[in-house]
Amino acid sequence: MSRSSSTAQEIVERALKLSRGDGCMVLVEERSTANLRWAGNSLTTNGVTEGRTVTVIALTEGSHGTSVGVMERSGLRTGADGEAVPGAPDELEELVRAAERASREAVPAEDAQPMVTPQEAGAGGEWDAAPSTTDISVFAEFAPGLGREFDRYGAANHLLYGYAEHEVTSTFLGTSSGLRLRHDQPTGTVELNAKSAAPGVAGGHSTWVGQATRDFADVDTEALGAELNRRMEWARNRVDLPAGRYETLLPPSAVADMMIELYGENGARDAVEGRTVFSGADGGTRLGERLARLPLTLYSDPAAAGLECAPFVLTDAPGRRATAFDNGLPLRRTEWISGGELAALNQTRHSAALTGLPMTGHIDNLVLDLPGASATLDGMIAGTERGLLLTCLWYIRMVDPQTMLLTGLTRDGVYLVEDGKVSGAVNNFRFNESPVSLLERATEAGAPTRTLARETGDFFSRTAMPPLRIPDFNMSTVSQAF
């Protein structure tokens with residue numbers, strides 16, 4: 001059967017065949033995306049896109065070690081079986097040669113390791129199957145529900161804005177050591193923002209909710225809309241408060257933002273070199289030290305229900321936290337914090353050799369859990385005499401890596417809780433807090449639920465977090481931002 005273009009598998013095989021270096025890895029990503037966007041209670045755009053990215057990682061062995069050249073290209077033109085399009089330049093061969101030139105010109109990589117063999121590798125999906133895809137039909141149930149929310153919000157003199165996206169990425173990994181692995185990753189997110197169009201409602205209050213999903217089958221637009229409406233009703237009363245330390249309830253989304261920041265800084269090599277909050281006072285690391293007052297467990301698991309992700313290392317370049325030299329190594333459930341104690345740090349094979357600790361690779365999901373906890377956010381509100389409900393964190397930036405002190409802004413909803421009920425919306429603040437310090441001070445944690453972080457959810461969407469009670473969250477200054 002003739003074809004006008006080649007499959008991902010054919011590109012992998014031909015790129016490896018073209019390789020003249022001392023080693024080669026090829027990654028082909030096939031992406032399929034569907035999206036909806038809306039503003040002012042009206043759908044504004046929708047679309048479907050498809051794309052392919054080919055990455056060639058060439059290795060050159062020298063007297064001082066292994067050097068690496070990485071070249072990536074989208075929109076690569078190929079004919080059948082990965083061959084060049086007749087009468088056109090051979091773009092795949094050009095890509096391979098460019099990676100090899102870059103490799104020869106590079107200094108040896110300090111994290112170089114032997115390529116993973118099939119015997120060492122994790123399990124992947126069916127290699128020969130066609131890439132998984134998505135299309136606009138993924139919104140078949142979501143879109144009508146969204147339309148009903150437009151009508152409801154229009155009648156209430158509120159406006160809905162937001163965005164929904166579903167992406168399926170099939171990644172094919174082939175190496176000259178014999179690996180042939182593929183992983184299919186569905187990723188969906190929906191974000192809803194409500195604004196008041198009615199005069200006198202908290203000066204034009206704005207609030208946000210979001211959800212991560214694999215397929216939109218579990219997205220309840222009515223429930224999301226009801227939560228937004230509840231927060232808009234809370235905002236009918238406005239309360240101005242000064243900066244200071246307040247007892248604060250963090251819902252799962254805000255907890256996710258802080259824990260993703262923590263996870264991003266848990267590299268073992270950085271800790272051993274004294275760069276992070278996980279560095280030991282006298283060298284080494286803080287492994288085994290108690291970090292949390294409560295017996296919390298922070299873990300990643302490729303098989304976590306609803307949060308499934310790649311069960312093996314899959315990356316396109318050398319690095320300190322994840323390196324292409326480890327491509328294919330299996331990933332398993334890893335407890336980063338266990339029962340409140342620091343239990344593991346992110347390790348490549350290279351950093352594991354330096355630290356003498358097991359290899360514990362980066363996994364693309366994160367769960368914070370307190371075994372036996374069953375409290376809900378509403379239940380924690382009911383148990384609060386006076387405090388703040390902080391729904392969204394924004395513009396988070398590092399201040400001090402040694403303590404992991406972060407600064408950022410509140411956005412789209414800070415509320416005052418009095419005598420077990422939300423009594424009004426509060427002005428925004430700038431905060432200064434450390435995720436590690438929050439764990440040290442948290443006095444209550446609820447049951448974890450799947451959630452979407454407001455700021456970091458764009459690149460890390462697979463999380464399950466509990467609500468947390470912090471007795472003295474530091475609102476350092478009042479912010480005029482809406």
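Is Arg230 buried, partly exposed or exposed, and at what relative accessibility does Arg230 count as such? At 29% relative accessibility, Arg230 counts as partly exposed. The classes are: buried, under 20% relative accessible area; exposed, over 50%; partly exposed, in between (1.4 Å probe, protein chains only).

This is a predicted model, in which local features need pLDDT of at least 70, side-chain atom pairs count only at pLDDT 80 or more, and totals for chains, interfaces and linings use all residues. Residues are numbered from 1 along each chain as its sequence is written, and side-chain values use heavy atoms, with hydrogens and water left out.

**Salt bridges**

The whole structure holds 37 salt bridges. A salt bridge here is a side-chain nitrogen of Lys or Arg within 4 Å of a carboxyl oxygen of Asp or Glu. Some examples follow.

| Pair | Closest N and O atoms |
|---|---|
| Arg97 and Glu100 | 2.9 Å |
| Arg230 and Asp378 | 3.1 Å |
| Glu444 and Arg469 | 2.8 Å |

Helices (H or I, at least four residues) and strands (E, at least two) are DSSP runs, numbered from the N terminus. Arg97 and Glu100 both sit in helix 2 (residues 91–105). They are three residues apart, about one turn of the helix. Both Arg97 and Glu100 are buried.

Arg230 pairs with Asp378. Arg230 belongs to helix 4 (residues 221–234) and Asp378 to helix 8 (residues 377–382), so this pair ties together parts that are 148 residues apart in sequence. Asp378 is partly exposed, at 40% relative accessibility.

Glu444 bridges to Arg469. Glu444 is in strand 19 (residues 444–445) and Arg469 in strand 22 (residues 468–479), so the pair ties together parts that are 25 residues apart in sequence. Glu444 is partly exposed, with a relative accessible area of 27%. Arg469 is buried, at 8%.

Salt bridges also link Glu110, Arg269, Asp270, Glu273, Arg275 and Arg320 in a network.

**The cavity**

A search of the whole structure finds one cavity of 30 Å³ or more. A cavity is a set of points, on a 1 Å grid over the protein atoms alone, where a 1.4 Å probe fits but cannot get out; lining residues have an atom within 4 Å of a point. The largest cavity has a volume of about 80 Å³, a volume being the space filled by probe spheres set on the points, which are joined across faces, edges and corners.

Its lining includes Pro186, Arg214, Leu307 and Arg462. Strand 5 (180–196) and strand 6 (206–213) are the elements that give two or more residues to this lining. The largest share, three residues, comes from strand 5.

Terms used:
On a 1 Å grid over the protein atoms alone, a cavity is a set of points where a 1.4 Å probe fits but cannot get out, and a pocket is an open set with protein on both sides within 12 Å along at least five of seven lines; lining residues have an atom within 4 Å of a point.
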